[in-house]
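Student: I am new to this. Can you show me how to read some features?

Tutor: Gladly; look here to begin.

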Amino acid sequence: DFGTALEAASRSNGSASSVETVVRAQNEVLEAYRLIDAFVTALVTTNSKNDKAQAALSELELRMLPYEKLSTKATAWIGTLDLDAVIPQSPFLEDHRFALKKIHLSSQRMMPEGEESLASDLGSSGPAAWEKLQNNVGSQVLVTVDLPDGPKTVPMSLTRTMAYDANRDVRQAAYRAELDAWKANEVPIAAAMNGIKGAVEVMSRRRGWESPLDAALFRANIDRETLDAMMAAAHEAFPDFRRYLRAKAKALGLEKLAFFDIFAPLSTSGGKWDYDSGAAFVATQFHGFSKKLGDYAERNYREAWIDVYPKSGKTDGAYCMGVRRDESRILLNFKPAFGSVSTLAHELGHGYHNVCLANRTPLQQRMPMTLAETASIFCETIIRQAGLEKGNAEERLTILEASLQGSCQTVIDITSRFLFEQQVFEKRKARELSSSELCEAMLDAQRQTYGDGLDVELLHPYMWAAKPHYYSTSSFYNFPYMFGLLFGLGLYSVHRQEPEGFLERYDDLLSSTGMADAATLGQRFGIDIRSVDFWRASLDQVRADIDLFEKLIG
């Protein structure tokens with residue numbers, strides 16, 4: 001029992017045995033919670049209209065409040081210990097050294113015990129409630145789209161998939177209907193944005209952080225020097241991504257792309273990429289890298305661990321969620337396009353990461369988003385390279401475009417989200433922001449990043465309403481994706497250059513992502529993440545793809 005162990009430990013002299021007892025008890029609670037939370041979350045995100053599941057999720061949040069308070073007390077207690085003296089006395093604690101050191105540092109950012117307890121009590125009716133509001137409103141919005149064959153009312157998630165339609169009239173109609181629908185629902189979603197950002201800003205300040213970004217960097221296990229180096233390399237690459245966008249416009253016979261053209265397919269011969277064909281392709285290419293990875297993909301298909309298609313009430317986007325030990329569950333909103341096949345590979349990569357973590361305890365598994373994207377990006381790269389090497393000219397162009405589309409989103413669009421969030425936090429210090437101000441901040445961020453690659457009159461002012469990432473208490477849920485892409489590309493480059501023994505080192509890295517900071521793990525492969533040259537080298541791989549894309553377009 002976590003509470004009993006902590007109470008007894010707090011009366012002790014901080015011996016290694018007492019610390020070990022507390023850590024073991026906390027791991028047991030987290031292991032049990034993970035399974036229950038995964039079950040309820042799967043029900044809610046596949047059907048937000050399921051009132052019974054929503055009630056269970058709310059009940060679970062309340063039931064976890066005592067644990068959160070105990071966890072806060074445990075953090076404060078660990079902060080009083082001399083860990084350098086205690087940890088060497090126990091092999092178990094040695095295995096938890098990084099987690100314990102992280103907890104010790106967190107203790108220095110704590111409010112007084114009463115305030116931390118109050119923050120826990122208010123969590124489910126404060127930040128978590130704002131997050132739930134955005135998710136429920138967004139997933140239940142119905143949109144009437146004026147399609148060429150007549151008006152059709154569909155869920156928002158299905159409306160957003162129309163951005164992948166080959167017919168520009170369909171894409172444009174869906175885009176305009178989507179903006180109208182977000183505008184009709186902007187008041188509660190803007191309230192959620194103001195509520196969550198206001199709460200995060202206050203809590204960050206009260207805990208002694210200079211800004212919410214500094215707290216996010218701590219969670220990400222990287223420092224400001226690393227972020228600045230990566231962002232500098234990204235900004236240098238903007239002109240190259242704009243070259244890609246202009247080349248795509250040319251391929252589509254357009255003078256310039258609108259926002260609703262970003263995901264347009266270059267050809268209509270995409271039937272090969274239905275789900276069954278795409279899933280088989282992914283498994284085959286995974287087997288080419290390692291039998292373990294290929295077998296894992298096939299296990300997902302065989303045991304039906306994937307919710308594949310969009311439907312009413314289902315959360316938009318995609319995710320992979322650990323359930324227990326080496327089991328995960330995946331949510332997709334699959335479209336018959338290589339981009340969705342790439343997303344399948346991405347999410348299976350997350351699941352494979354969980355396989356490599358299966359023998360770690362929950363505290364050892366606590367990895368930052370920066371490193372959580374490592375396996376997913378690596379898996380995307382595996383199937384991209386396979387497609388480029390084995391496909392005919394048309395298939396190569398389709399695969400290359402899908403890959404560049406994803407890279408553009410991860411560098412250009414992610415930077416726009418980062419800039420937007422910076423603006424919102426800065427302005428939210430003084431007051432709440434109106435829906436129109438949020439839209440203008442979003443447009444400003446898109447102009448800075450997409451530049452002349454898109455028609456500035458046809459951007460997406462309501463992307464702040466569409467993306468659930470903004471409504472997480474883990475602020476700046478954006479730059480880790482770019483880190484993951486470029487770090488994953490760097491690792492893949494190492495694999496190509498030094499294949500001997502790479503698989504074992506790679507699996508060991510994945511199993512260690514919660515046991516060291518990103519810089520230390522990168523050093524295992526000769527990677528210096530604080531050097532802008534590393535990030536440039538990863539982006540050079542994308543530049544080469546853009547060069548090839550322009551050549552194929554002609």
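Tutor: At the start of helix α1, a side-chain oxygen of Asp1 comes to within 3.3 Å of the backbone nitrogen of Gly3. Helices here are DSSP runs of H or I with at least four residues, strands are runs of E with at least two, and both are numbered from the N terminus. This is a predicted model: local features need pLDDT of at least 70, side-chain atom pairs count only at pLDDT 80 or more, and totals for chains, interfaces and linings use all residues. Residues are numbered from 1 along each chain as its sequence is written, and side-chain values use heavy atoms, leaving out hydrogens and water.

Student: Which residues of α1 are buried?

Tutor: Buried means under 20% relative accessible area, exposed over 50%, and partly exposed in between (1.4 Å probe, protein chains only). In α1, residues 2-10, these are Phe2, Gly3, Ala5, Leu6 and Ala9. They cover an arc of only 165° around the axis, so they sit on the same side of α1. The arc is taken from the directions from the helix axis to the C-beta atoms.

Student: What covers the buried residues of α1?

Tutor: The cover includes α2 (16-46) and α4 (65-78).

Student: How do I read a strand?

Tutor: In a regular strand, side chains alternate between the two faces of the sheet. Take β1, residues 142-147: Val143, Val145 and Leu147 point to one face and are buried.

Student: How many bridges join β1 to β2?

Tutor: Strands pair if DSSP finds at least two bridges between them. Here 6 bridges join β1 to β2 (residues 150-155), and the two run antiparallel. Leu142 has Pro155 in β2 as its bridge partner. The two strands form a hairpin with 2 residues between them.

Methods. Contact = heavy atoms within 4.5 Å. Polar contact = N/O pair within 3.5 Å; in protein donor to acceptor, adjacent residues only side chain to side chain.
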